[in-house]
There are 2 protein chains.
Amino acid sequence: MSEVPGLRERKKIRTRHALIAAALELFMEKGYEQTTVSEIATAADVSTRTFFSYFASKEDVIFHNSREGIERVLRVIAEPRPGDRAIDLLTRAVASGFTVLALDERLQSEIGPANYLVMTVPSLRARGLLLLFESQREFAEALHRACPEELSLVEASALVGAVVGGGKLAAFVSMSNGASPGEMLDAGRRASEFALSALRAAASQPS
Amino acid sequence: MSEVPGLRERKKIRTRHALIAAALELFMEKGYEQTTVSEIATAADVSTRTFFSYFASKEDVIFHNSREGIERVLRVIAEPRPGDRAIDLLTRAVASGFTVLALDERLQSEIGPANYLVMTVPSLRARGLLLLFESQREFAEALHRACPEELSLVEASALVGAVVGGGKLAAFVSMSNGASPGEMLDAGRRASEFALSALRAAASQPS
DNA sequence: CAGAAAACTACATCAGATGCAAAATTACAA
DNA sequence: TTGTAATTTTGCATCTGATGTAGTTTTCTG
């Protein structure tokens, strides 16, 4: 393990970062739609065609690191502790999810602009919603796998959807109303935890 | 009122319908991505350029009637009955929303294919999610307006997001697992109502 | 250093989308 | 009915994102 990456690998990482940095800078400076892929490539000193061998689309530059956080949450769900019920797993998953976001928040250089762009550019927002939606399906599947007797897949989806959906909308609306990134995260966390506690109570007191 | 629409207006309606019908038929026959706008226009006997004066994009053909249902739900929220609390409004909004969907379901000719396409084509799914997300923001705002003292805008968003998010994911996962359109709607409705009842209980018993 | 593998580049091409000005159609009033 | 104004349709040019391909350059390995 931990092989020293060769020159080839190092160069790839470097141009990848150069592309991301150039893209974010141009997007913030002159707007997402107003920036062409060709300009990004030129700024990163590669050909336009090479851009598309690093990113499948212009949008993908913004979401290149979204997998990480999703998989951290998936791991939490997939590794239940003895005695965990579904709602306990979800609670820890939410906590870990928001911790990831809060940490990333410090990487102002990347996540800050990316966040702003997703919030303001419709096509990026649509893409982000799709990504989050597909990851919710994974969360639900993982939750069902972890507690196959307690929850059907559809029931797990109902839980995940409610918790994520509440947090997402609250966070977004909060930021639209001028909240800082920190306040936005807080609003989202509180909304998710509120839904969580309501669902926990409902689960333990079947009507 | 009820002016007889002139020839100009009638023709516009006719070509609009022709475009929608041609598009759906082609999409179902040879796939969404495999169908070009030019083919749709030709099938509807207009020029390609004219297509874009009826629809802003190829995707829009699928979502041309999405506003209707949204506004019906908005009306329910905006017209509270005496004694209604936020959760009561939301309950009726959910009921009316699913009624709309269930009725539309009968228009097999249009909503059926459109639904199938949104479920299977990623770019359409992203667009649908964006549309639903923006409408949730409207729902939350309407709910806040209807009960300004009971709920802040962010709190209203948390409620709406949880109810819609749960229903949406449950419905989608259910359909992915091979459910019929009717079963899918049922799964969504049950999930939304479950979230609703949990939130109602949580609201009446503050921890 | 030579040959293999991988990455980069230029070029061609296609589909979606937009602006624009000319041509066709519809509406309306004399 | 006919002439004119308003509106729609159309063809054309153009731009951008995206993909396939073939040839060149760079890196790796023995």
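**Helix α9, chain A.** I began with helix α9 of chain A, residues 181-204: its 24 residues reach 35 Å from the first C-alpha to the last, close to the 34 Å expected at 1.5 Å a residue. I note that the model is a predicted one. I then looked up burial along α9(A) and found, among the buried residues, A:Met184, A:Leu185, A:Arg189, A:Phe194, A:Leu196 and A:Leu199.

**Helix α4, chain A.** I checked the length of α4(A), residues 66-78: 13 residues at 1.5 Å each should span 18 Å, and the end C-alpha atoms lie 19 Å apart, which agrees. Its buried residues are A:Val73, A:Val76 and A:Ile77. Viewed down the helix axis, these fall within an arc of 100 degrees, so they line one face of α4(A). I recall that an α-helix has 3.6 residues a turn, so residues three or four places apart point the same way. On the face turned away from the buried side I found the exposed residues A:Arg67, A:Glu68 and A:Arg75.

**Relation of the chains.** I superposed chain B on chain A by a rotation of 180 degrees with 0.0 Å of shift along the axis, at an RMSD of 0.1 Å. The two copies are thus related as by a two-fold rotation axis.

**Interface.** I found 36 residues of chain B in contact with 36 residues of chain A. On the chain B side, α7 (122-146), α8 (153-176) and α9 (181-204) each supply at least two residues. The largest share, 15 residues, comes from α8(B). By class, this side has 23 nonpolar, nine polar and four charged residues. Finally, 100% of the interface residues of chain B are also interface residues in chain A, so the copies meet through the same surface.

Technical notes: Residues are numbered from 1 along each chain as its sequence is written. Chains are lettered from A and ligands numbered from 1 in the order in which they are written. This is a predicted model: local features need pLDDT of at least 70, side-chain atom pairs count only at pLDDT 80 or more; totals for chains, interfaces and linings use all residues. Helices (H or I, at least four residues) and strands (E, at least two) are DSSP runs, numbered from the N terminus. The expected span of a helix is 1.5 Å times one less than its number of residues. A residue is buried if 20 or more other C-beta atoms lie within 10 Å of its own, exposed if 12 or fewer, and partly exposed in between; C-beta atoms are placed from the backbone. The arc is that of the directions from the helix axis to the C-beta atoms. Copies are superposed by least squares on the C-alpha atoms of residues with pLDDT of at least 70 in both. Two residues are in contact if their C-beta atoms, placed from the backbone, lie within 7 Å. Ala, Val, Leu, Ile, Met, Phe, Trp, Tyr, Cys and Pro count as nonpolar, Asp, Glu, Lys and Arg as charged, and the others, Gly among them, as polar.
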